[in-house]
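Let's walk through this model together, one question at a time. Take a look at the sequence and the coordinates first.

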Amino acid sequence: TCDFLICLITFPATAISSAVDSWILGTGFCWIVAVCATYLRIAAILFMTMICIHRVIVILYPFEDVITDSRGKAACVFIWMFSCCRRFFPSLGSILSTTTQYEPSV
């Protein structure tokens, strides 16, 4: 899901900015794309980590029902909430900041 959403949300904006060789979509949309891309990448990495942990548990305890449906759903909710909090609060700081963005001199 995360990888599909990354392609759906960030790829068109990145393709447009690459074709034009500059960002023409405005600073607000730039912020939205950056926040969504980071949020979804964090979630994708955490989901892959959870899959690896699940497979290790299944290999170590093959006949025990350690991972139940409710624990799996709770892990998914935790991943989405953690990703949201991990990305939202630094973004809020960048919105409230009065400093200007760095623009390299050519």
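A residue counts as buried under 20% relative accessible area, as exposed over 50%, and as partly exposed in between, using a 1.4 Å probe and protein chains only. This is a predicted model, in which local features need pLDDT of at least 70 and side-chain atom pairs count only at pLDDT 80 or more, while totals for chains, interfaces and linings use all residues. Residues are numbered from 1 along each chain as its sequence is written, and side-chain values use heavy atoms, with hydrogens and water left out.

Q: What share of the residues of the protein counts as buried?
A: The protein has 106 residues. With the cut-off of under 20% relative accessible area for buried, the share that counts as buried is 16%.

Q: In what order do the elements of the protein run from the N terminus on?
A: Helices (H or I, at least four residues) and strands (E, at least two) are DSSP runs, numbered from the N terminus. The protein has three helices and zero strands. From the N terminus on, the order is α-α-α.

Q: Which helix has the highest confidence in the protein?
A: Confidence here is pLDDT, the predictor's own score for each residue, from 0 to 100. The protein averages 79, and 81% of the residues score at least 70. Where pLDDT is low, the predicted coordinates should not be read in detail. The lowest mean, 76, belongs to helix 3, and the highest, 87, belongs to helix 2.

Q: What percentage of the contacts with a separation of 6 or more is between residues 24 or more positions apart?
A: A contact means heavy atoms within 4.5 Å. Among the contacts in the protein with a separation of 6 or more, residues 24 or more positions apart account for 74%.

Q: Which backbone oxygen does the side chain of T10 reach?
A: T10 sits in helix 1 (residues 2-20), and T10 counts as buried because its relative accessibility is 7%. A polar contact is a pair of N or O atoms within 3.5 Å; within protein, one must be able to donate a hydrogen and the other to accept it, and residues adjacent in sequence count only if both atoms are side-chain atoms. At 2.5 Å, the side chain of T10 reaches the backbone oxygen of I6.

Q: Which residues does V33 touch, not counting those up to four places away in sequence?
A: V33 belongs to helix 2 and is buried, with a relative accessible area of 9%. Its C-alpha atom is separated by 9.4 Å from that of I6, 27 residues apart along the chain. Setting aside residues up to four places away in sequence, V33 touches T10, A13 and W23.

Q: Is D21 buried or exposed?
A: D21 lies in the loop between helix 1 and helix 2. Its phi is near 70°, a positive value in a residue other than glycine. Since the relative accessible area of D21 is 69%, D21 is exposed.

Q: With which residues is S83 in contact, leaving aside its neighbours within four places in sequence?
A: S83 lies in helix 3 and is buried, with a relative accessible area of 0%. A polar atom of the S83 side chain lies 2.8 Å from the backbone oxygen of I79. Apart from neighbours within four places in sequence, S83 is in contact with Y39, I42, A43 and L46.

Q: How far apart are the C-alpha atoms of Y39 and C84?
A: Y39 lies in helix 2 and counts as partly exposed, at 22% relative accessibility. Y39 and C84 are 45 residues apart along the chain, and their C-alpha atoms are separated by 6.2 Å.

Q: Which helix gives the largest share of the lining of the second largest pocket?
A: On a 1 Å grid over the protein atoms alone, a pocket is an open set of points where a 1.4 Å probe fits, with protein on both sides within 12 Å along at least five of seven lines, and lining residues have an atom within 4 Å of a point. The lining includes F47, H54, R71 and C76. The elements that give two or more residues to this lining are helix 2 (27-60) and helix 3 (69-96). The largest share, six residues, comes from helix 2.
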